[in-house]
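Dear colleague,

I am passing a structure on to you, and I would be grateful if you could read these notes with it open beside you. What I found is set out after it.

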Amino acid sequence: MRFIVNGTISPKLTEFFKKKILPFSTIICIILFSTTIILATRSPKLARKTYISEQGLTIRNSKAEYSRQELQTAFLIQEQFKSLKNNKEFHDWFFSLLQKFSDDFFVHKFYANNTWQYNYCGIIRASKSPGIESVVFSSNYFLPLSQKVLSNDFDGFSIGLAFSLMDFFQYAKWKSKDIIFLFTNGESFKGVQEWLKEYHNPQEKNNNNFKRAGVIHAGIHLEMNNPIITEITLKIEGINGQLPNLDLINTITREIPYFPISLDEFSSETQKSKLNFIFNYLKSKNLQYFTNMIKNQALSIPTGVHSFFQSYKIDCVTIQTNSNPKNPNNLNPTSLIRFIGGIEVVFRDLSNLIEHLHQSFFYYLLIDPIVYIPIGDYSLSFLFSLLAIVIRMLDFYLNFGFGSSNHIIFILFTNVFSHLFGFASYLMAILFRNSQNWLVFHFGFTFITELIIFPIFRWIFLSKNSGKKNGINIWSGQYTYSGIIILSSLTFVAISNISLALIFSFFLVPIVLFIRFSQTKKFWNFLQSIFLLIFSPYSFVLLYCFLFQKNLFSVIDLLVDSHVLFGSLIFPFLIIIWIPISQTFIRILIQEK
Amino acid sequence: MKSFLLLTLFFIFIIITFSSSNSFEDESYSEKLIIQPFSKSQILFNFQFNFEVHHLNKYHDFGFFPNVIAKLMQNHNVFQFKLSLTQGRIKFEECSSIPPITAPPGAELYATFHNQNLIQEKWKFFVNELSGIFCASLNFMDETSTTSIKNFPFENFMATNNTIRSQNSRYSALHREGVCTENLTPWIKLLPCRNVHGLATLLNSEKIYDVDYHSLSVSSVDFKEKMSLSASLVFILNPQKILSQPNWSFSKLFERKLMDSSCSLAKESLVELYLPNYQSEEIKIKPEPTKIINDLNSQSLYLYDLKKSEFPFDLSVKFPSNSENILSEKFPLKTDRITKNLNGIFGVIQTTIENVSPNDLKFIYFEYLPWFIRPFIHTFNISFSNSESNLNMNFNLNLNQNQEFFEIIQMIPNTEYSNPFTIEMQINLPKQTVVTLSYEFEKSFLHFTEYPPDPNHGFEIPSALITLKSTEIHSQKDQQNSSFLFKENLRIYTEGLLIPLPVPDFSMPYNVIAISSTLFALFFGSMMQILFKRQKENQNQNQNQKENENENQKENQNQNEKENQNQNQNQNQNQNQNQKENQKENQKENQKENQKENQNENQNENQNQKKIKRKSKSK
């Protein structure tokens with residue numbers, strides 16, 4: 001059977017659809033959407049164990065050499081920290097420690113939140129190396145009078161641990177990359193942001209003594225408040241829906257095997273998400289991990305220190321240690337040595353890596369540090385939801401057809417104009433990505449073009465031959481166009497961030513399926529059509545802002561960043577492709593009415 | 001008779017060999033070890049083995065001069081060359097004395113040829129042969145990574161004038177070249193006593209490659225009448241890290257000592273130990289030196305002549321407690337080279353040089369970039385700033401060449417898959433002033449077959465070279481007393497750079513192309529379908545109407561034709577006969593007419609030709 005005859009769908013196929021499928025379209029759509037939900041909830045059971053790729057071949061080849069002797073330094077520094085009384089003392093004390101334990105050091109001073117703030121940075125040079133590569137060890141500090149210290153939440157142990165590692169690495173012979181030790185104020189993430197900015201895009205005449213150590217290959221941020229360790233939590237995420245390199249997580253989970261390692265469940269940003277209202281009802285632990293991972297991946301917004309490294313294509317993971325009294329097996333003194341030994345070996349592995357950690361796995365979800373769900377499994381549920389929209393669109397199209405319009409000049413003119421406008425906006429965004437003015441201009445102008453310019457065009461071109469209303473055809477045409485927009489938008493979102501597309505599909509598909517036009521209820525049809533009109537990538541962005549409680553501008557900035565950094569297609573789609581579609585859609589509405 | 005013949009042959013052989021071979025008097029060999037404090041806790045060991053041969057002959061029968069080097073230079077017409085293989089980097093800011101031989105990490109090769117004929121080919125073969133001799137990947141120093149250098153940075157070889165040197169010279173560096181024992185073994189083979197006798201016995205490869213900085217080099221000059229070779233090994237180590245104490249000895253550092261004797265072929269065999277000035281009671285040095293010189297500025301020289309020393313020779317130094325190697329003198333220049341604003345396509349390379357010495361300095365800045373890094377010359381910016389004197393000047397490379405501050409010596413733009421970008425300039429840097437050189441560049445997107453096996457590692461860019469003439473730092477009097485013991489030009493290498501180039505997704509190009517193309521095809525297909533469907537429908541409707549009308553017309557015509565056919569059959573037959581007859585008659589008439597016309601035309605042509613001939617004759 002030929003599907004297309006003379007550029008249109010074959011009459012036989014149309015008949016087949018009309019008689020065999022479309023009478024049951026509602027039931028089919030409900031079944032398809034139910035399948036989406038069932039497949040999504042079942043996918044954690046299809047998870048597989050992670051494997052080590054070519055980048056992580058050196059794992060478990062080296063033995064930790066960090067000993068109790070080095071640990072004494074950590075405790076000594078912790079005691080010194082406790083005796084500090086004010087910020088000046090703290091600054092002098094930190095400076096002297098850096099001088100003593102590092103090969104190169106500097107204090108990075110920057111202005112933020114109406115005060116001068118400090119990042120302390122010590123560099124251990126791998127003297128045998130050419131000095132063009134490095135790895136970062138990051139940790140927080142809290143000033144002696146900060147609330148965190150006063151409430152005994154922080155006792156300076158992580159500072160002591162970092163300096164003891166610095167002391168140890170100074171004499172290690174295996175170093176082939178420099179190791180940067182970064183200490184930032186734990187009250188905010190601003191310190192890491194400013195340091196990374198100054199490291200990669202230095203401002204002239206500022207910080208002449210800022211020290212660098214070549215290209216940063218990977219980073220580990222340590223959050224540790226207590227020397228007693230029973231469990232470890234890994235905080236991971238990635239911009240643009242990509243996760244940090246699986247090899248980095250593999251290295252950590254395999255080199256620190258003595259502790260139960262879990263993934264971060266409740267990052268502060270995902271906690272704000274409106275999705276929790278629904279996801280909190282899930283009782284299966286795997287499913288909870290899965291939904292959290294989807295949320296994290298969909299969010300694509302920095303949630304911790306490790307996230308800021310992603311903007312510079314540096315893979316970074318936060319390791320948080322926890323002490324749970326319910327787990328008495330690990331409440332012994334050797335556990336700390338084992339943990340620090342694990343950190344040492346992780347750095348050794350990172351130092352030995354020849355290649356920069358790169359994205360060998362783009363689309364996967366981790367429900368556990370060593371278990372992953374590949375894209376092939378969970379994207380099926382997404383495809384089923386799309387299929388439901390396709391069936392409903394066919395239903396309308398085959399039963400009612402489109403509205404009438406044949407003004408080719410108008411079509412060509414509007415399309416050429418809108419494409420040129422879209423391309424100009426796209427270029428503007430790339431050229432002026434640091435300023436938000438273009439965003440205001442772009443969005444303002446887009447609305448103006450849609451709401452004012454096109455009626456004027458319509459008056460110019462179509463004043464003599466305006467179309468006539470054609471009953472339900474107007475609405476079916478509108479439904480089909482909206483369906484195409486939603487389908488294409490979801491597909492493009494899925495290319496870059498399938499988790500986000502999956503969440504969108506959960507919300508949008510049932511609404512789209514619910515819409516039905518009738519011959520008699522004109523006002524109801526009008527309301528539904530307005531609802532459909534809202535369905536555009538704008539609505540996607542607004543839905544994202546609502547679900548994750550984010551500012552619109554920061555989201556659009558994120559889209560531009562993701563395009564510049566990772567070549568994501570969402571942004572060019574929005575600008576170059578969506579504008580012509582939406583304007584064509586409006587053209588047809590204008591013509592019909 | 002036989003015995004007589006054998007005897008004569010024997011005598012002839014002896015005469016030939018003695019006449020052709022060099023006597024050992026024409027050759028000289030010396031070895032020297034210089035030990036000096038390098039930084040706060042580091043010590044520099046410099047092993048120097050120097051060869052010289054006079055009265056070269058074409059047979060290359062040398063006593064101990066390395067034949068392989070002599071052949072190499074004469075085969076490829078090389079006037080001089082210098083090869084260094086280095087691991088690690090020197091922190092110039094921290095050093096209290098300059099290493100006599102500085103080199104960038106990896107491999108560096110400089111060569112000058114006797115003449116300019118086929119210089120690129122000579123370089124290619126020379127590099128390949130050298131690569132085989134020293135087991136290094138020097139064969140990667142091809143056309144794309146080789147450039148010429150006008151200002152000769154290795155002053156001690158200076159023998160020809162500048163123009164010849166710049167035309168005939170080639171320079172290349174491999175920043176990524178790994179250095180290990182397989183490079184040391186052929187280097188040791190150059191020495192006449194190998195590592196069995198003499199200073200080379202201390203070269204325990206396990207220990208040498210465990211140090212902070214290690215540089216092995218060979219340099220040679222061919223003056224046609226004489227040839228010299230210098231093989232040196234410099235390494236910097238920290239006794240505190242190795243032995244957990246500042247006191248050291250040969251046996252502790254190298255697990256070896258000089259057991260039997262010095263190399264008997266060496267004309268002189270010296271150990272020079274430079275130490276900060278201590279009172280003789282404070283420092284303990286064993287064995288007793290042959291000579292002590294205390295005149296040097298803040299340093300003392302302890303000299304050992306191994307020809308006169310006792311064996312086994314195990315030099316050991318025991319410092320007084322709380323002693324430091326720090327010398328008062330500051331290194332004159334501070335350098336920093338970084339990439340900034342890097343993204344997928346563009347970036348900026350910025351080099352900052354600060355003159356921290358009390359004098360104005362004049363130096364040569366040399367930099368070259370591989371062809372796949374394309375700098376924008378219009379963005380080249382040189383700025384001088386001094387916070388004390390409020391000096392702040394910016395210069396553009398093209399427009400405002402200010403010879404007071406800088407002068408471009410040469411600039412070679414890069415060519416794709418061919419020569420690298422090269423810039424060489426002289427900079428006059430006032431004291432306490434910072435000069436910043438920056439330019440934007442574009443990264444090339446290579447063909448997927450051109451990427452190395454680890455493309456995500458990035459591409460290494462060689463260090464920039466700053467050459468400072470020795471006279472620039474100190475006056476001659478000062479120089480004698482200076483702790484900076486260099487006599488040749490001082491070469492400072494900046495940090496190398498690692499630039500990640502855009503990399504294709506090697507793992508799934510087909511999937512990506514197929515999926516994205518399908519999506520785009522579906523999207524645009526459906527869009528076009530929607531946009532033009534009405535037009536087509538209308539066209540189809542019009543076509544159908546026209547077709548229907550045509551069909552009706554045709555049917556009517558056919559019916560009429562059928563009716564007419566029956567009626568007119570007889571008439572048609574008659575008409576056909578008449579038509580045939582008429583046709584035959586017409587054909588005959590036409591033929592006749594044509595013949596006549598042709599005849600007339602021919603006649604006319606003949607007449608014309610005759611007229612032309614007549615005219616030509618008359619002329």
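Two strands are said to pair if DSSP finds at least two bridges between them, and helices (H or I, at least four residues) and strands (E, at least two) are DSSP runs, numbered from the N terminus. With that in hand, β21(B) and strand β22 (residues 421-429) of chain B pair in the antiparallel sense over 6 bridges, and Glu407(B) has Gln426(B) in β22(B) as its bridge partner.

Before going further, please keep in mind that this is a predicted model, in which local features need pLDDT of at least 70 and side-chain atom pairs count only at pLDDT 80 or more, while totals for chains, interfaces and linings use all residues. Residues are numbered from 1 along each chain as its sequence is written, and chains are lettered from A and ligands numbered from 1 in the order in which they are written.

Chain B as a whole has 11 helices and 27 strands, and 32% of its 619 residues count as buried (20 or more other C-beta atoms within 10 Å of the residue's own, with C-beta atoms placed from the backbone).

In chain A, strand β12 (residues 364-368) and β13(A) pair in the antiparallel sense over 4 bridges, and a hairpin joins the two through 2 residues. Tyr364(A) stands opposite Pro374(A) in β13(A). Strand β13 (residues 371-374) of chain A is also joined by 2 bridges to strand β3 (residues 48-49) of chain A, again running antiparallel, and here Arg48(A) stands opposite Tyr372(A).

How do helix α2 (residues 25-42) and helix α18 (residues 498-514) of chain A pack? Their angle is about 160 degrees and their axes are 11 Å apart, where axes are lines fitted to C-alpha atoms, for helices over the stretch in contact, and angles run from 0 to 180 degrees between N-to-C directions. α2(A) and α18(A) are therefore roughly antiparallel to each other, a term used for angles over 145 degrees. The contact (C-beta atoms, placed from the backbone, within 7 Å) is made by Cys29(A), Phe33(A) and Ala40(A) of α2(A) with Leu502(A), Val509(A), Pro510(A) and Leu513(A) of α18(A).

Technical notes: Parallel < 35°, antiparallel > 145°, perpendicular 65-115°, else oblique. Contact = placed C-beta atoms within 7 Å. Buried ≥ 20, exposed ≤ 12 C-beta atoms within 10 Å, placed from the backbone.
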